[in-house]
Amino acid sequence: MTPELQQKCINTIRFLAIDAVEKANSGHPGMPMGCAPAAFVLWSRHLRFNPREPRWPNRDRFILSAGHGSMLIYAMLHLAGYDVTMDDLKAFRQYKSKTPGHPEFHDTPGVEATTGPLGQGISNAVGFALSQKMLKAQTGAPIDNFIYGICSDGDLMEGVASEACSLAGHLKLGNLIFIYDDNLVSLAGHTDVTFTEDRNERFEAYGWHVQSVADGNDVEAIDKAVIEAKRDPRPSLISLRTVLGYGSPHKANTHDAHGSPLGKDETIATKKNLGWPLEPAFLVPDDVRQFWAGRIEEVKKGYDEWQKKFAQWQRDNPKKAELWNTLVEKRTPGDLAEQLASAVKLDAPEATRKHGQAVLQKAAQLVPAIVGGSADLDPSTFTYIKDGADVGPENYGGRNIHFGVREHGMGSIVNGFAYDGFFVPYSATFLLFSDYMRPPMRLAAISRLQSIFVFTHDSIFLGEDGPTHQPIEQLACIRAVPNMELWRPADGLETAASWAAALERKDGPSAFAFTRQKLQPLQRSGKADVRECLKGAYALNDVADPDVVVIATGSEVALAQAALPLIDKKYEVRLVSMPCVERFLKWSGDEQRKLVPHGKARLVAVEAAGGLDWYRIVGDGLVIGIDRFGASAPEKALADAYDLTPPKVAGRISKWLNEGARANTKE
């Protein structure tokens with residue numbers, strides 16, 4: 001390849017980005033302009049890909065953590081032959097295009113992860129890298145790929161990157177290579193106003209292999225650094241000093257090039273400055289097309305060779321090949337729910353976190369894809385897989401991941417596993433600390449990932465740890481996330497249903513809210529049926545024509561059941577357990593009204609949490625919840641102080657019903 005053609009290839013990337021942002025009148029041109037040489041080196045010399053089969057197992061992954069510079073990856077995907085057409089580039093940032101403002105998983109072939117919220121992509125990449133290490137260790141398959149990416153100053157400012165990269169260094173994930181776009185500029189100005197620590201020394205302290213390249217346009221130096229990174233057994237960071245908006249005569253190295261189009265005049269000036277034709281826009285010269293066509297054929301040979309090697313491995317290792325297929329297909333037994341239900345006892349008081357422990361052990365036996373861990377809370381969350389072995393540095397054959405006290409990073413790493421697609425990952429911490437995990441939980445829902453978020457200590461009834469640890473608003477916040485299923489089970493049967501639902505759900509994340517305290521066994525009017533629980537709501541105590549329907553979740557189901565005999569006897573009461581509100585809301589209107597008859601019966605919801613979200617179900621009914629923070633005290637004292645004892649709940653329901661009856665009589 002001649003230097004002239006190489007420069008033309010790099011400038012093609014730059015101007016595809018500039019022209020797309022200009023046409024959309026929206027976007028971030030500066031990052032692609034500065035990082036075009038780095039992207040060219042990765043895709044033309046190192047990245048193993050196949051545009052005809054974008055997710056083949058041994059591909060190298062490329063994750064653009066600096067997702068605001070999305071036109072960089074769209075330009076690369078287009079040039080590398082993926083199903084990203086010139087029309088797609090011209091539709092940048094338009095409704096339902098393949099080229100949204102930030103890369104989105106599922107929307108664009110070749111996009112490995114939804115990035116944009118800074119810090120998430122590089123943290124997801126840690127999950128990808130660990131997933132591939134564990135896949136190789138557990139199956140012995142011929143996996144030797146790398147996880148490449150580009151991150152920005154903003155990525156490294158966000159705390160989540162520190163959490164995830166610290167763990168990556170500890171685990172010696174040598175298959176992880178990131179180029180740091182060290183351009184000294186962020187959206188509001190130069191980074192020296194706020195970001196002055198030595199990033200290289202910081203990553204060295206994490207246990208990373210760190211190199212510096214002084215000139216972001218030095219293709220050979222970038223190539224040499226990537227080669228060295230591939231040789232090192234540690235994760236690698238290549239600090240690349242780039243110029244934001246490179247080539248722009250008046251906006252290069254200024255924040256004006258970060259998040260706004262260059263403008264018509266500056267686009268013309270930049271094309272003149274870099275010797276690029278003024279017309280047409282979206283130009284890809286013929287010799288550049290020819291180069292990338294050759295590159296596509298070159299990597300296709302590597303793909304074909306690996307497929308032969310993989311086929312031979314399958315023939316030589318039939319048991320391991322079967323495990324591989326089980327992981328790829330995320331197989332679960334047809335009677336998964338029933339088998340999980342067999343792991344729990346329903347005749348004695350128990351905390352749902354303990355039921356969860358029993359169900360997880362059974363699930364791990366039935367579903368080899370389950371892997372995960374907690375934020376240093378295994379003794380409290382009970383989420384350690386017995387006989388699953390630990391994952392550690394250079395020891396990736398286990399199933400238990402010690403995330404440390406890194407909730408935000410844990411959530412993002414779990415999502416990385418889910419994006420990669422071979423394992424069903426879970427995380428675990430206290431429900432209050434879901435606040436630390438909100439960004440990855442939301443991204444899991446956007447990206448339709450099979451991530452499982454286990455939370456314990458789900459209400460004020462965790463007791464003496466007090467209001468700093470007692471969740472109030474968290475249940476409503478999680479339920480507010482579209483495409484998230486939150487399960488709050490009331491006993492072992494519902495806990496088994498929760499895990500079964502999450503393991504069988506392939507198009508979105510699931511969250512569990514388990515109790516710390518023991519719950520009394522439920523008394524069912526019918527047969528204990530885990531399939532009923534899977535529906536998300538069912539009548540626990542039924543009557544044919546109820547005057548009032550009491551809906552409860554989790555620990556408040558047993559509370560409500562104990563309150564039933566104390567409610568004014570003139571009322572016929574149906575008790576509904578609703579472990580998953582989202583599943584109930586997916587029922588047809590007629591089905592919902594059969595269980596919760598709006599208009600015919602008065603409706604009550606009981607949950608030891610802030611109850612604003614319940615009004616969408618009970619309408620103008622009664623919500624018995626908590627509208628203030630908790631307190632440090634034993635469980636029974638809290639129940640009395642917060643009016644969540646059977647007599648007080650029954651008294652409040654009876655008073656409300658009777659007041660309503662008197663009001664109707666006056667009318």
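Which residues point one way from β15, and which point the other way? In this predicted model, Val573, Leu575 and Ser577 are directed to one side of the strand, whereas Arg574 and Val576 are directed to the other, and all of these residues are buried. Strand β15 covers residues 573-577, and since five of its five residues are buried, the strand is largely enclosed by the rest of the structure. Two strands are joined to β15 by bridges. Strand β13 (residues 538-541) runs antiparallel to β15 and is connected to it by three bridges, with Asn541 having Leu575 as its bridge partner in β15. Strand β14 (residues 548-552), by contrast, runs parallel to β15, to which it is joined by five bridges, and here Ile551 stands opposite Val576.

In one of them, the ring centres of Phe146 and Tyr148 are 6.0 Å apart and the ring planes meet at 35 degrees, so that the pair is classed as tilted; stacking would have required planes under 30 degrees apart. Phe146 and Tyr148 are both buried. The pair formed by Phe310 and Trp313, on the other hand, is stacked, with 5.5 Å from centre to centre and 25 degrees between the planes. Both residues lie in helix α11 (residues 286-316), and because they are three residues apart in that helix, they are separated by about one helical turn. Phe310 is buried, at a relative accessible area of 9%, and Trp313 is likewise buried, at 8%. Phe310 and Trp313 also take part in a cluster held together by ring pairs, whose other members are Trp56, Tyr303, Trp306, Trp324 and Phe422.

Rings are also found in contact with charged groups. Arg199 lies over the face of Phe195, at 4.2 Å from the ring centre, and the charged end of Arg602 is placed over the ring of Trp656, 3.9 Å from the centre of that ring.

The structure holds three cavities of 30 Å³ or more, and the largest cavity has a volume of about 80 Å³. The lining of the largest cavity consists of 13 residues, among which Trp43, Asp60, Tyr82, Gly110 and Glu112 lie nearest the cavity centre; divided by class, this lining comprises seven nonpolar, two polar and four charged residues. The second largest cavity has a volume of about 50 Å³. Residues lining the second largest cavity include Lys345, Leu346, Ala348, Glu350 and His355, together with Ala490, Asp491 and Gly492, and also Leu519, Gln520 and Pro521. By class, five residues of that lining are nonpolar, three are polar and three are charged.

His106 belongs to the loop between α4 (86-90) and α5 (120-139) and, at 43% relative accessibility, counts as partly exposed. Phe382, also a residue other than glycine, has a positive phi near 55 degrees, and its place is in the loop between α15 (378-381) and α16 (407-420). With a relative accessible area of 17%, Phe382 is buried, the limit for this class being under 20%.

Asp465, situated in the loop between β10 (452-456) and α18 (474-479), is partly exposed at 47% relative accessibility. Asp465 and Gly630 are 165 residues apart in sequence, while their C-alpha atoms are 9.7 Å apart in space.

Conventions: Residues are numbered from 1 along each chain as its sequence is written. This is a predicted model: local features need pLDDT of at least 70, side-chain atom pairs count only at pLDDT 80 or more; totals for chains, interfaces and linings use all residues. Side-chain values use heavy atoms; hydrogens and water are left out. Rings of Phe, Tyr and Trp (its six-membered ring) pair if their centres lie within 6.5 Å; planes under 30 degrees apart count as stacked, over 60 as edge-to-face and the rest as tilted. Buried means under 20% relative accessible area, exposed over 50%, partly exposed in between (1.4 Å probe, protein chains only). Helices (H or I, at least four residues) and strands (E, at least two) are DSSP runs, numbered from the N terminus. A charge sits over a ring if NZ of Lys or CZ of Arg is within 6 Å of the ring centre and within 35 degrees of the ring normal. On a 1 Å grid over the protein atoms alone, a cavity is a set of points where a 1.4 Å probe fits but cannot get out, and a pocket is an open set with protein on both sides within 12 Å along at least five of seven lines; lining residues have an atom within 4 Å of a point. Grid points are joined across faces, edges and corners, and a volume is the space filled by probe spheres set on the points. Ala, Val, Leu, Ile, Met, Phe, Trp, Tyr, Cys and Pro count as nonpolar, Asp, Glu, Lys and Arg as charged, and the others, Gly among them, as polar. Two strands pair if DSSP finds at least two bridges between them.
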